[in-house]
Amino acid sequence: MNENFKWIAAAVAVVGLSIGAVVYFTRGSTPEKPPAPPPVAEKPAEPEEPPVEHPLAEADDNQAMPSLNDSDLPMQMEIEDLIGREALGKYLVTDQMIRHFVVTLDNLPNTKVAERLRPVKPAPGRFVTSGPEDAPVLDPANYDRYKPLVELLRTVDSQRLVTVYTRYYPLFQEAYENLGHPPKYFNDRVIQVIDHLLATPEVKGPIALAQPNMQFEYADPKLEALSAGQKALIRMGSDNAAAVKSKLRELRRELVARQAAK
């Protein structure tokens, strides 16, 4: 052991003994009350899982469930059986069908919906306006662009469509949880979005537009403040919107009829 280390050790010992002596001789006949232990921080309560409002009964078949990544082909076959191969290729995006449906439906009550994630192909034709340049209105010719798809929607068997949805529901739930909603139940969101769309105001007559930049928007601030889904219903015209709402009510009734006992 070198001399420096001896002196350091001795100094540490002296300091330690000195502190001990000070502590000992400051104790009187009435010892000080020991300091209260620091308060224990309360563990924040974990948020309660929201109750499921519209639980779906499990499908009563024993069909093997594909993984979410492998679900496109089975879903294409199911939808093709419902609407036909030609309509499937004409109207629907067949890549990541369940994921695109889930994220689009989830975003319909918001102001924006990602174009690249939509499960339905854009309506054919070009958006057109009419009226004077300084006071344009939505041209009714736009409504014709949506009629074929709306007519197809009207002919879809709602019971069979809900049967497909119920059969593959675990994959819809998985895709929904992947968006960051693990405590929530996707079918509750479906009902919520249907109700939101059904609350879209009915707009009759010419719809005034404004063009503050490259894109047109509704001149009425109340209409422009609506969600992406509600504005889309207005954009397709009152007759098409009424047909879509009728189908939504039908689907809602069918979904409620498939609910499991709570």
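Me: Which side chains meet Glu-254 in a salt bridge, and what is the N to O distance?

Reply: As a general idea, side chains of opposite charge can pair when their charged atoms come close. In this predicted model, the side chain of Glu-254 meets that of Arg-258 in a salt bridge, with 2.9 Å from N to O.

Me: Is Glu-254 buried or exposed, and what is the relative accessible area of Arg-258?

Reply: Glu-254 has a relative accessible area of 15% and is buried, because buried means under 20%, whereas Arg-258, with a relative accessible area of 22%, is partly exposed.

Me: How many salt bridges does the structure hold?

Reply: The structure holds 11 salt bridges, and one of them joins the side chains of Arg-160 and Asp-81, again with 2.9 Å from N to O. Arg-160 belongs to helix H6 (residues 158-167) and Asp-81 to helix H2 (residues 72-83), so this pair ties together parts that lie 79 residues apart in sequence. Of these two partners, Arg-160 is partly exposed at a relative accessible area of 37%, while Asp-81 is exposed at 53%.

Me: Which residue forms a salt bridge with Arg-154, and where do the two lie?

Reply: The partner of Arg-154 is Glu-151, and their closest N and O atoms are 3.7 Å apart, which counts as a salt bridge because the cut-off is within 4 Å. Both residues lie in helix H5 (residues 143-155), and because they are three residues apart there, about one helical turn separates them. Arg-154 counts as exposed at 52% relative accessibility, whereas Glu-151, with a relative accessible area of 41%, is partly exposed.

Key
Residues are numbered from 1 along each chain as its sequence is written. This is a predicted model: local features need pLDDT of at least 70, side-chain atom pairs count only at pLDDT 80 or more; totals for chains, interfaces and linings use all residues. Side-chain values use heavy atoms; hydrogens and water are left out. Helices (H or I, at least four residues) and strands (E, at least two) are DSSP runs, numbered from the N terminus. Buried means under 20% relative accessible area, exposed over 50%, partly exposed in between (1.4 Å probe, protein chains only).
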